[in-house]
Structure formats: C-alpha cells, structure tokens
Amino acid sequence: MAPPPPAEEEGAAGGRCGGAVARWARREVLLGLALGQFVSLLITSTGFASSELARRGINAPTSQSLLNYILLALAYGGVLLYRRQPLTIKWYYYLILGIIDVEANYIVVKSYQYTSLTSVMLLDCWSIPCVIVLTWIFLKTKYGLRKFFGVGVCVAGLILVVFSDVHASDRAKGPNPLKGDLLVIVGSMLYACSNVTEEYVIKKSNRVELMAMLGLFGAIISGIQISILERKELHSITWNAGAVLPFLGYAVAMFLFYSTVPTVLKICGATMLNLSLLTSDMWAVLIRIFAYHEKVDWIYFVAFAATSAGILIYSYRDSKEVEDTAQVAGASDEQGKQGDEEAGTQNPA
C-alpha cells in the first residue's frame, strides 16, 4: 500500500484543481457573455425589421415568424430524420411549447404597431421576474436576496418606461403607446414560459430535437393562424423590396437566434439569457437615433441605467458560487457526453 501524499502535495493538487475550475468557469462565463451579446444583437435586428414593416403599414406578425419555423423544421428536422432517433420527450409537450412560442412572437411583433422600438426593447425586462418565479417553482433554482434586489431594480426601469410613454406620447412614435407597452409585457410573460420550458427540455433532450419539433409545430400553428387572421392582410401587401427584405431579415435573424438560444440556456440558464437580452436596449436606442432620427426621452436613459445596474447586481457571484456552478455544469456536461456516446452506439452512422 502506497504511503499517503505529503500535505504539500495535497495542497498543490488542490490548488491545481481550484485553478482549473476557475479557468473553466472563466471560459464558460466569457462564452456565455459572448453568446448573450450575439443573441442580443439578433433580437435588435428582429426589432428593427418589425419596426420597418410597421412603419410601412404592414401588419402580419404571424407571417413574419412562419419562415423562421419552416427553416428550423427543414434544417434540424433533416438532421433528426438522418439520425433516426426516437423522440426523448412526448410530442404533445412540443405542441404546447409551439403554441406558447408562436403567440409570444405574435403579441410582441403586434406591439410594434402601437409603441416605439425602444419601449419594446426595454420592456422585455419583465420576462426576468417571470423566469425567476418559473425556474424557482419548476426547476428548483435557488436565488439569494441580492438577485431579487437586482431584479427589482430592473423592474423599476420598466416602470420608468411605461411612465415615459404615458406622459410623452407625442414623442413615443406610436398611436397607442400604453396598449403597446401592455402587449409587450404579456408577450414577455409568454417568452418567459417558453424559455424556461426550453431550458428544461434542453437538459432532458438535445438541441436538434428541440429545434426540429419547435419548428414543425410552430410552422403548423402559424399556418393555421395566418389562414384565420392574416389572409386579407397578405393579399393587400405590395411585395416590393421594401417589404420583402425586412421579412427575410427577420426570418434569418430569428433562425440564428433560435439556433443559439439552447446553447446559452445550457451554459447560463433562462434568467441570465433574459438579462443578456437587456443589452439590446442600447442598440435599439442607437437605431432610433441614427436610423430614424428620432428624439429619445431622457427618462429612457435613466431606465437603461436602472436596468444595467440591476444586471450587474444580479450577475455578481462570489468565488464559491462560481466554483459550485462550474462543478454542477461540469457534471452535466459529463452526463451529456455519456448520452451522446450511448446514442452513437445505438444509432451508428
């Protein structure tokens, strides 16, 4: 029997292990931040496309999302059929997810008919407290008082946006800013349900199956809804470059967004995803100033400062929290690798 290692060697080994965990955590954090900003830019692009269509009098929110769902179904459905793997989750759960996702997109895109691009971007922060409640109830995620305080600061910024639109409607660039704000809040709640459900699914299943089934059911539901609500609107549209390009831009940006979100959810979770999306407000303000040449109310900048402060308060973690997160995520990655190896053994190429 070998003698136990000296205490110095144990300390060195512990230091190497701790350093490896810290480096791993830093890589994960940096990757999560980078992907979060990427999806934030994509969301800003979809907002810009929706705002352009609304400015041209085109009101077909479900039709905007249809092409995205078709792309998801074709791209990921083809991979799923090639692998010939059975579904790991019952199909009707994907049907429910598809309904929630389609209606969330419909309501938020509809809000661009009534309020400004900046208001839509800022009011997205309402999804954060919704995500926290849902993850706490269904995913058993633990949150400390500091995180709740950070969320409270973000919600304070949301209240400032509503106050600004109510009392400065002449600068809000919308026929009914309050109605638009309420639509965004409802849509954000549905987005929260969708994000939490996707986080649960991506940990039980895989990204290809999730995107393929979401695209399939999303396309079916969108097609039915278009035939009921938007058939006349589509016939009345003059399909020139000014109408086609925003439609295509919206679809491509949403396809990339949907393809990236599962990775962000696996690394950071639904709450940090929604917090990352708040940085799209900065890009929305820049678009409003430089592309539309609009004047931005000063309260928007106060609201953005409040939401930024809330993000910093929420995202701060001490070294123990970082190490615990790294260890848990590392264990999840090992489980995912084992699942991939089993799937490859059962379904060889």
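Is Leu245 buried or exposed? Hold that thought for a moment, everyone, while I say what we are looking at.

This is a predicted model, in which local features need pLDDT of at least 70 and side-chain atom pairs count only at pLDDT 80 or more, while totals for chains, interfaces and linings use all residues. Residues are numbered from 1 along each chain as its sequence is written, and side-chain values use heavy atoms, with hydrogens and water left out.

Now, back to our leucine. Leu245 is exposed, because its relative accessible area is 57%; exposed means over 50%, buried under 20%, and partly exposed in between, with a 1.4 Å probe and protein chains only. Leu245 sits in helix H10. From Leu245 to Leu53 is 192 residues in sequence, yet 9.7 Å in space, C-alpha to C-alpha.

Let me zoom out. The protein chain has 14 helices and zero strands; these are DSSP runs numbered from the N terminus, helices being H or I with at least four residues and strands E with at least two. Of the 349 residues in the chain, 46% are buried. Take contacts, meaning heavy atoms within 4.5 Å: among those between residues at least 6 apart in sequence, 89% join residues at least 24 apart. The accessible surface is about 17,900 Å², and 67% of that belongs to carbon and sulfur atoms; areas come from the Shrake-Rupley method with a 1.4 Å probe, and for residues only the protein chains shown count as cover.

On to the inside. A nonpolar core here is a set of buried Ala, Val, Leu, Ile, Met, Phe, Trp, Tyr and Cys residues joined through side-chain atoms within 4.5 Å. The largest one has 42 residues, and Phe257 and Tyr258 have the most contacts inside it. Helices giving two or more residues to this core include H1 (7-55), H2 (61-83) and H10 (241-267). Phe257 touches Val39, Leu42, Ile43 and Leu277, leaving aside neighbours within four places in sequence. A second, separate core has 24 residues, among them Tyr112 and Val155.

Next, charges. A salt bridge is a side-chain nitrogen of Lys or Arg within 4 Å of a carboxyl oxygen of Asp or Glu, and the count comes to three. Glu52, Arg55 and Arg56 are linked in a network: Arg55 meets Glu52 at 3.0 Å, and Arg56 meets Glu52 at 3.9 Å. Glu52 counts as buried because its relative accessibility is 11%, whereas Arg55 is exposed at 55%. Over in helix H7, Lys203 pairs with Glu199 at 3.1 Å, four residues apart, about one turn of the helix. Lys203 is exposed at 55%, while Glu199 is buried at 5%.

What does the side chain of Ser194 join in a polar contact? The partner is the side chain of Asp101, at 3.1 Å. Such a contact is a pair of N or O atoms within 3.5 Å; within protein, one must be able to donate a hydrogen and the other to accept it, and residues adjacent in sequence count only if both atoms are side-chain atoms. Ser194 lies in H7 (residues 177-204) and is buried, because its relative accessibility is 1%.
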